[in-house]
Amino acid sequence: MGEKLVVVGQGYVGLPLAMRAVAAGFDVVGVDVDRRRVKRLNAAESYVEDVGDELLSLAHRSGRYLASVDYAAAEGFDVCVITVPTPLREGVPDLRHIGAAGESLAPLLRRGVTVVLESTTYPGTTEEYLLPLLEEGSGLRAPQDFHLGYSPERIDPGNARWRLENTPKVVSGIDGASLQRVEAFYARIVDEVVPVSSPQVAELCKLLENTFRHVNIALVNELSIFAQQLGIDVWEAIDAASTKPFGYMRFTPGPGVGGHCLPIDPSYLSWKVKRSLGHNFRFVELANDINAHMPEHVVHRVGLALNRLRKPVNGSRVLALGLAYKKNAGDCRESPAIDVVRGLRKLGADVRAADPHVDCFLLPWGVEGVEIVAFSERELAAADAVVVLTDHDCFDYELVQKASALVFDTRDRCRGANVERL
């Protein structure tokens, strides 16, 4: 028997980690509270694009992977990694999934085990929230009896170049011995490990990465609104600015921000600053406001485009291309495309959507009544407006432009007399 690893949460972060650990020789139990997920996983049916069915089947055939809803299957673990969601609830960090995992794991703790939190959260969560739960439920004390650390996830769904194993992994521990254990674990999983001095540094690192992206996307989103009103092609300006080899990093506008990270993580940082220091994090709050209103702006622009053709939104047939939050991936979490679809439906549009990457099993609330269709010339031609929301490479954009009466493109993939761009 090899070392036993438990991964709590079998989604976009936990499942790739579990598969990589199986390949590294660990005996892995993937715990997830969603019975439908567990049933599919144990049938070697993946719902995460970065983990194919064949890879999942291979893990099962090795005899070293099991998915379970029961924490009893985690008994006897050597290492546990917590990868559960950390949503916002009315603007406040919601740690109930971390809390539930900590309370369930605590009775299973033994001397010498290592627990790592990967869920994105505010600085202090590992030591101030998770640690007391584990100690109270186990009767053990850290770092004397068990090891604890934090390592922010850096999963980018659909990214073929930067995968779990070749993306540098930031690691931390609550003391030197914990850091050594956490570092040694991830050294078997990834190519490069980056140790930092404390869990709070690692927690802030993750929030810094995503706040940087969030603020810069907000900048170009607002710029796109004003450039259009000024009659300037913002995409041409961005292309020109991108030729500068220093002091500039390319960001592009879109219908909003999505995924589990960008719409949520900066607000964790803003909440922590407000709670601990009494100050507003003004950059984050402004970026939140701009990015949150982009779906509404897209709906408004689609309405104006239809009006120019003497068609109201109410009753018009609209084909949404893409429901995922990013290209070439099936992740719909917090996707602005879903918000655009909701907004168009609220105005009475007959909305259909095409996204071959998205597993209907993972579609969130808000697409009820939206017919999911295959991308085809027939669907393009039947639509009063085609809205490009997610620029998957699998869409034939020449056909989109040729077959559609009106295209509203939020991703700069189409050009032509019948195309309006964000």
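Is Pro253 buried or exposed? Pro253 turns out to be buried, at a relative accessible area of 1%, where buried stands for under 20% relative accessible area, exposed for over 50%, and partly exposed for in between (1.4 Å probe, protein chains only). A word on the ground rules: this is a predicted model, in which local features need pLDDT of at least 70 and side-chain atom pairs count only at pLDDT 80 or more, while totals for chains, interfaces and linings use all residues. Residues are numbered from 1 along each chain as its sequence is written, and side-chain values use heavy atoms, with hydrogens and water left out.

Pro253 sits in the loop between helix H8 (234–241) and helix H9 (265–277); helices (H or I, at least four residues) and strands (E, at least two) are DSSP runs numbered from the N terminus. In sequence, Pro253 and Asp412 are 159 residues apart, yet their C-alpha atoms are 9.2 Å apart in space. Asp412 itself belongs to the loop between strand E15 (407–409) and E16. With 17% relative accessibility, Asp412 counts as buried. Its backbone has a phi near 60°, a positive value in a residue other than glycine.

The structure holds 29 of them, a salt bridge being a side-chain nitrogen of Lys or Arg within 4 Å of a carboxyl oxygen of Asp or Glu. Arg415 is partly exposed, with a relative accessible area of 45%. Arg421 is buried, at a relative accessible area of 19%, whereas Asp233 counts as partly exposed at 26% relative accessibility.

Another salt bridge is formed by Lys326 and Asp156, with 2.5 Å between the closest N and O atoms. Lys326 lies in the loop between strand E11 (317–321) and helix H12 (336–346), and Asp156 in the loop between strand E8 (147–150) and strand E9 (169–171), so the pair ties together parts that are 170 residues apart in sequence. Lys326 counts as buried at 17% relative accessibility, while Asp156, at 30%, counts as partly exposed.

Two further backbone details turn up in loops. Ala142 and Pro143 are joined by a cis peptide bond, with omega at about 10°, and Pro143 lies in the loop between helix H5 (125–138) and E8. Arg310 has a positive phi, near 60°, in a residue other than glycine. Arg310 is located in the loop between helix H11 (294–308) and E11, and counts as exposed at 79% relative accessibility.

On a 1 Å grid over the protein atoms alone, a cavity is a set of points where a 1.4 Å probe fits but cannot get out, and a pocket is an open set with protein on both sides within 12 Å along at least five of seven lines; lining residues have an atom within 4 Å of a point. Grid points are joined across faces, edges and corners, and a volume is the space filled by probe spheres set on the points. Searching the whole structure gives one cavity of 30 Å³ or more. The largest cavity has a volume of about 90 Å³, and its lining includes Val13, Leu17, Arg163 and Leu164. By class, that lining has five nonpolar, one polar and five charged residues; Ala, Val, Leu, Ile, Met, Phe, Trp, Tyr, Cys and Pro count as nonpolar, Asp, Glu, Lys and Arg as charged, and the others, Gly among them, as polar.

The second largest pocket holds about 310 Å³ of space. It is lined by 15 residues, of which Pro16, Asp50, Arg163, Leu164 and Glu165 are the closest to its centre. Helix H1 (residues 14–23) gives the most to this pocket's lining, with four residues. Eight nonpolar, one polar and six charged residues make up the lining of the second largest pocket.
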